Amino acid sequence: MSRPLVYLAFPVPDDVLARIEAACVVVKFGARGKPAKPDILAALSDVDGVLGTTRVPFDEEVIAAAPRLRAVSNFGVGYDNIDVAAATRHGVLVCNTPGVLSDAVADLTLGLIVALARRLIDSERSVHEGQWMRGAAQLGSDLKGKTLGIIGLGRIGREVARRAQPFGMQVCFHDQFRDAGEGFAFCAYRDLDDLLREADFVTLHINLSDETRKLIGGRELALMKPTAYLINTARGQVIDQAALAEALRSSTIAGAALDVLEREPPAEDDPILDAPNVLLLPHIGSATRETRRAMLDLAVDNLLAALRGERPPCIVNPEALERAPS
Ligand code: DGY
């Protein structure tokens with residue numbers, strides 16, 4: 001039997017390439033930047049598997065243009081860039097990398113909470129600008145005794161909750177379930193509106209879906225305390241970003257930290273770029289050497305298992321296994 005053809009959307013280290021090439025023929029690397037759709041369609045026309053989807057939106061047209069495709073192995077936990085229903089219809093397995101990045105994203109989230117509470121960015125800038133002491137303008141707030149509201153108590157949300165405890169924060173959460181589960185009795189369930197009213201820091205750890213798109217808009221921001229902060233390390237589109245920019249401008253909330261934006265990178269005239277009291281990062285939640293390597297290894301495990309006809313360790317649409325050609 002001939003070895004399967006695999007499309008790699010980004011360059012990988014030599015040892016990883018060797019591991020893939022031991023079982024597959026690697027057909028193409030994605031060029032830097034966002035490839036044009038006709039190029040994607042042409043590149044995928046004869047491949048059996050794809051590794052990495054960050055720059056390739058896997059919609060129905062792309063999936064249909066790849067008649068031999070058996071598996072799409074996403075390099076990341078979020079798979080909102082893939083039309084999973086279409087993949088399932090075409091018998092294409094969709095895999096992702098949950099778990100291995102939870103610590104890195106939770107670490108960053110706590111870093112953002114501390115940065116907001118202690119005005120780290122302002123203070124850092126003022127030292128560079130030659131202003132050492134700024135009196136009351138330097139004063140932040142303690143985390144001890146403050147309430148952290150976690151929207152989405154999944155793998156990452158739980159790690160955030162775990163880390164908030166030693167800071168002395170009260171933790172409440174909102175999710176589809178009300179029972180936080182074993183070891184998380186310190187997390188109190190709240191309806192979404194109550195959480196927004198109560199929390200001093202609101203942090204988002206939900207997938208992007210039709211249900212969560214623009215979950216936090218003008219109405220929700222107006223429920224938050226004027227002293228509260230919003231942190232987003234999930235997906236930009238779960239917030240109505242124009243409403244957030246306006247809420248920051250009108251001091252409806254005290255500030256925000258966003259690792260993810262509605263559009264990445266943002267347009268030059270995006271109002272969020274000029275909004276006050278907002279800390280912006282370029283989607284670096286999982287960006288540590290250790291975590292990125294663990295994500296890559298898991299993505300390759302998923303891809304190779306799927307191409308061997310085995311059940312991959314992390315599969316998003318197990319129902320596609322029944323439809324996949326053996
Ligand atoms: C993920 O895994 O979904 C992170 O956002 C990295 O893209």
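How many nonpolar, polar and charged residues does the lining of the second largest pocket have? By class, there are 12 nonpolar, five polar and five charged residues in that lining. The model is predicted. The points below cover the pocket, a cavity, the sheet and helix packing.

**Second largest pocket**
- The space in the second largest pocket comes to about 480 Å³.
- Its lining counts 22 residues, and those closest to the pocket centre are Leu116, Arg119, Tyr229, Ala254 and Asn277.
- At least two lining residues each come from α5, α6 (120–128) and β12.
- Helix α6 gives the largest share of this lining, with four residues.

**Cavity**
- Searching the whole structure turns up one cavity of 30 Å³ or more.
- The volume of the largest cavity is about 30 Å³.
- Its lining is made of Asn232, Gly236, Ile239, Gln241, Leu244, Leu258, Val260 and Leu261.
- Five of these lining residues are nonpolar and three are polar, with no charged residue.

**Sheet**
- Strands of a sheet pair through backbone hydrogen bonds, in either a parallel or an antiparallel sense.
- Here an open sheet is built from seven strands in the order β8-β7-β6-β9-β10-β11-β12, and the pairing is parallel.
- The edges are held by β8 (187–189) and β12 (278–280); each has a single partner strand, so one side of each has no neighbour in the sheet.
- On average, neighbouring strands of this sheet are turned by 20 degrees against each other, with direction ignored.
- Three bridges join β7 (residues 170–174) to β8 in the parallel sense.
- Val171 stands opposite Cys187 of β8.

**Helix packing**
- Helix α5 (residues 102–117) lies across β6 (147–151), β9 (201–204), β10 (229–232), β11 (255–258) and β12.
- The angle of α5 to β10 is about 155 degrees.
- Helix α1 (residues 14–21) packs against helix α11 (residues 289–307) at an angle of about 5 degrees, and their axes are 11 Å apart.
- The two helices α1 and α11 are therefore roughly parallel to each other, since angles under 35 degrees count as such.
- On the α1 side, the contact is made by Asp15, Val16, Arg19 and Ile20.
- On the α11 side, Arg293, Leu296, Asp297, Val300, Asp301 and Leu304 take part.
- The residues of the contact of α1 with α11 comprise five nonpolar and five charged, with no polar residue.

Technical notes. Residues are numbered from 1 along each chain as its sequence is written. This is a predicted model: local features need pLDDT of at least 70, side-chain atom pairs count only at pLDDT 80 or more; totals for chains, interfaces and linings use all residues. Side-chain values use heavy atoms; hydrogens and water are left out. Axes are lines fitted to C-alpha atoms, for helices over the stretch in contact, and angles run from 0 to 180 degrees between N-to-C directions. Angles under 35 degrees count as roughly parallel, over 145 as roughly antiparallel, 65 to 115 as roughly perpendicular and the rest as oblique. Contact means heavy atoms within 4.5 Å. Ala, Val, Leu, Ile, Met, Phe, Trp, Tyr, Cys and Pro count as nonpolar, Asp, Glu, Lys and Arg as charged, and the others, Gly among them, as polar. On a 1 Å grid over the protein atoms alone, a cavity is a set of points where a 1.4 Å probe fits but cannot get out, and a pocket is an open set with protein on both sides within 12 Å along at least five of seven lines; lining residues have an atom within 4 Å of a point. Grid points are joined across faces, edges and corners, and a volume is the space filled by probe spheres set on the points. Two strands pair if DSSP finds at least two bridges between them.
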